[in-house]
Amino acid sequence: MASPVEQFALKPLVPLHVGGVDLSFTNSSMWMAITVIGVTAFLTLSMRSGRLVPGRWQSMAEVSYEFIANMLRENVGSEGRGYFPFIFTLFLFILFGNLFGMIPYAYTFTSQIIVTFAMAITVFVGVTVIGLVRHGLHFFTLFVPSGTPLVMAPLLVPIEIISYFVRPVSLSVRLFANMMAGHTMMKVFGGFAVLMGVLGVAPVALLVALTGFEILVAFLQAYVFTVLTCLYLHDAIHLH
């Protein structure tokens with residue numbers, strides 16, 4: 001039986017090396033491209049008719065739009081409206097990537113730490129730049145909690161700085177770890193069901209329940225990543 005972690009192996013589909021750098025088009029790259037196509041098709045086709053009374057697919061697109069718009073409004077305020085396209089794209093990209101990973105023999109690219117870290121570091125650099133552009137040097141007051149006694153500043157400021165720079169690590173590890181752990185468990189239970197044959201009813205039942213749970217986790221992790229991005233954006237715009 002194949003190892004449960006074999007499903008996370010990167011496999012080059014179109015080998016490409018430039019100047020000693022591996023730029024191969026891998027299974028991860030392919031499923032990221034499929035995700036982009038899937039999101040584009042979902043939004044384009046569902047909103048093509050633009051009916052006053054929305055159908056099933058149009059309702060799903062409108063609910064997704066309203067969900068992210070409300071999240072951004074509640075966590076960032078009216079000043080966050082300009083960042084809606086990025087937040088909306090980020091949410092749907094992660095969500096569709098997680099859900100496509102549930103398809104048998106598909107590849108879950110959100111289970112790769114380099115992918116989740118790339119998204120997290122993009123968010124981190126982006127909100128930092130926004131904060132510096134909007135507030136200049138005053139942005140660094142973010143590391144001094146409001147009302148902090150001067151005598152406590154030497155202790156609290158390093159803690160605030162460390163917690164700030166840990167953000168991309170925690171943001172990326174949370175998504176990567178949840179997706180990898182879930183798919184690993186599904187592989188283990190699936191292997192038990194195959195090995196036990198007709199006696200594998202219990203593993204199959206657990207696998208079905210775990211599949212439903214993983215679909216919930218797919219939505220939840222997309223939500224958590226996006227809402228934390230909104231909170232970081234709030235800090236960059238409003239400081240304390």
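Select glutamine 112 and show what surrounds it. Leaving aside neighbours within four places in sequence, glutamine 112 is in contact with Phe8, Leu10, Tyr107 and Phe176. Keep in mind that this is a predicted model. Glutamine 112 sits in the loop between α3 (84-100) and α4 (113-135). Is glutamine 112 buried or exposed? Its relative accessibility is 14%, and the cut-off for buried is under 20%, so glutamine 112 counts as buried.

Now display the side chain of tyrosine 107. A polar contact of 2.5 Å joins the tyrosine 107 side chain to that of glutamine 112.

**Salt bridges**

Next, look for charged pairs. Side chains of opposite charge can pair when their charged atoms come close. How many salt bridges does a search of the whole structure find? The search finds two.

Select arginine 134 and glutamate 79. Their side chains form a salt bridge, 3.0 Å from N to O. Arginine 134 belongs to helix α4, while glutamate 79 is in the loop between α2 (56-75) and α3, so the pair ties together parts 55 residues apart in sequence. Colour both by accessibility. Arginine 134 is partly exposed, at 39% relative accessibility. Glutamate 79 is partly exposed too, with a relative accessible area of 39%.

Move to aspartate 235 and arginine 167. Here the side chains meet in a salt bridge of 2.7 Å, N to O. Which helices does this pair link? Aspartate 235 lies in α7 (residues 201-238) and arginine 167 in α6 (residues 167-196). The two residues are 68 apart, and the pair links distant parts of the chain. Arginine 167 is buried, with a relative accessible area of 15%.

**Aromatic pairs**

Switch to the rings. The count comes to 18 aromatic pairs. Begin with phenylalanine 139 and phenylalanine 140. Their ring centres are 6.0 Å apart, and their planes meet at 70°. Planes over 60 degrees apart count as edge-to-face, so this pair is edge-to-face.

Phenylalanine 139 is buried, with a relative accessible area of 2%. Phenylalanine 143 is buried as well. Phenylalanine 140 counts as partly exposed, at 42% relative accessibility.

How values were computed
Residues numbered from 1 in each chain as written. Predicted model: local features only at pLDDT ≥ 70, side-chain atom pairs only at ≥ 80, totals over all residues. Heavy atoms only, no water. Helix = DSSP H or I, 4+ residues; strand = E, 2+ residues; numbered from the N terminus. Buried < 20%, exposed > 50% of the residue type's maximum accessible area, 1.4 Å probe, protein only. Polar contact = N/O pair within 3.5 Å; in protein donor to acceptor, adjacent residues only side chain to side chain. Contact = heavy atoms within 4.5 Å. Salt bridge = Lys/Arg side-chain N within 4 Å of Asp/Glu carboxyl O. Phe/Tyr/Trp six-rings, centres within 6.5 Å; stacked < 30°, edge-to-face > 60°.
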